[in-house]
Amino acid sequence: MKLSWKEKISYGLGAVGKDMVYMLSASYVLYYYQDILGVEAYAMGIILLVARIFDAFNDPVIGVLVAKTRTRWGRFRPWLLIGTLTNAVILYLMFSVPIALDGAGLIAYAAIFYILWGVTYTMMDIPYWSMIPAFTEGGKEREDLSTLARSCAGVGSALITILTMMLVPMLGKLANPAQAEIVNSYVEETASAADTAAYTAAETAVERSGFQIFALIVAALFVAFIALTCWKIKEKSTVDVDSPSIGQMFRALVQNDQAMTVVVAIVLINTAIYITSNLVIYFFKYDFGGTDWNASYTLFNMFGGAIQILSMMLLFPLLRKFLDTIRIFYLCIASAVLGYAVLLLLAFTSMDNVFILFIPGFFIFAASGVLNVLTTIFLANTVDYGQVKNGRRDESVIFSMQTFVVKLASGIAAFIASMCLTVFSLSSDTDSAATAGVSSVVGLRMTMTVVPVVGLLIALIYFYRHYILTDKKMAELSETLKK
């Protein structure tokens, strides 16, 4: 029986919820602990990178446990629901640091809850993607659902990009009316040193409360959306999935050279994009500057989020009518590189209007949205390739590794971003753009533009040399599988 629209929508909403949670952690945990709470940037960088190394061992273990699960509710849904509930609680606690904590205690709190967040996210993310074969009939239906889910995940990410710094100050001011009055009445040009100190303390209190409330809202939506997925999606009783060992999982990936190619490309591309997403808030705060930097940052993210959503929903299908997926991939890399080049040039102008930044933003965000869809399609293609080459289908293996490599990319990006903040002395002690040194600003600009371009070009060269699954090749593989 074909999937109904209710089932497709329910599964897509699950992707929206889980990627809202993921993007909140990936893009703002560094800012929350480093810029608001004052944890040293290098300490946060080490924590974020170590957590990803831990995931290298944890993710395959979770994948094996999921594969071995047998319950009356199926193999995947119990893990999906339990992982969601625990991850939602951990997310809230991660953005609700007790005020009394500081120093080593604060660093330990950040390390413990960030690692727990990664573990519990894996508990729900692997079964979410791995369950696709358990309720689809394969072929086009499976590919279409994978593309839909990836597009919905992009919508979830875009919503966090758009809403976070719009709602966090608003919610924080509602929770702290006295501190909000200090923030609203502050005038940088005429402020004394005492006024500036009071403003900084009030702004920190507002942002701290705002993130706590916003995390609670995101966590609640996350639970609601995944509960709907578990309610509407029913696994087929006839589906049976092998329970490979950890060694077999890694061997399956290594033996599938096309899957390895796509995985490497995903790490490089996502690392490049996540570096920018981690640093763009610092760019607006310490480079673009002004007392209304937050409004400019929010407006820029609203534009970027809208472009990402439209590129996944409209631009990709349009391009697909004229180009094959590989040419679209090359076009997206070129678009992102062009966007970064224009952004770097504009950064050395007066930048007195945020709308001028929409030009490079369009090229970068559009490329990012389409690449999200493309990498999922490329991964799906490697499953058919692996079946022909190795005599087995490794959907669960490949999509389990996708969880790890995306988190690995976010960890590497956060580490690079934290090193940038440490080396160029941008921290909670830097009050505004006016107090940021010239070398600090230039270093920030170079890290968020030049470094991503290098990563994208390496991904392009590696992909060009190793990926062979053209539309013609996939048609040949399909005929082979039918025979």
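This is a predicted model: local features need pLDDT of at least 70, side-chain atom pairs count only at pLDDT 80 or more; totals for chains, interfaces and linings use all residues.
Residues are numbered from 1 along each chain as its sequence is written, and side-chain values use heavy atoms, with hydrogens and water left out.

Q387 lies in helix α13 (residues 358-390); helices are DSSP runs of H or I with at least four residues, numbered from the N terminus. Although Q387 and L481 are separated by 94 residues in sequence, their C-alpha atoms are 8.2 Å apart in space.

Helix α6 (residues 139-175) contains S151. This residue, S151, counts as buried because its relative accessibility is 4%. When residues up to four places away in sequence are not counted, S151 touches M312, M313 and V373, contact being defined as heavy atoms within 4.5 Å.

Helix α1 comprises 32 residues (residues 5-36) and should span 46 Å at 1.5 Å a residue, which agrees with the 43 Å between its end C-alpha atoms; the expected span is 1.5 Å times one less than the number of residues. A bend of about 50 degrees occurs in α1 at Y28, the bend being the angle between axes fitted to the seven residues ending there and the seven starting there. Because 26 of its 32 residues are buried, α1 is largely enclosed by the rest of the structure. After α1 comes G38, with a positive phi near 85 degrees.

Key: Helices (H or I, at least four residues) and strands (E, at least two) are DSSP runs, numbered from the N terminus. Buried means under 20% relative accessible area, exposed over 50%, partly exposed in between (1.4 Å probe, protein chains only).
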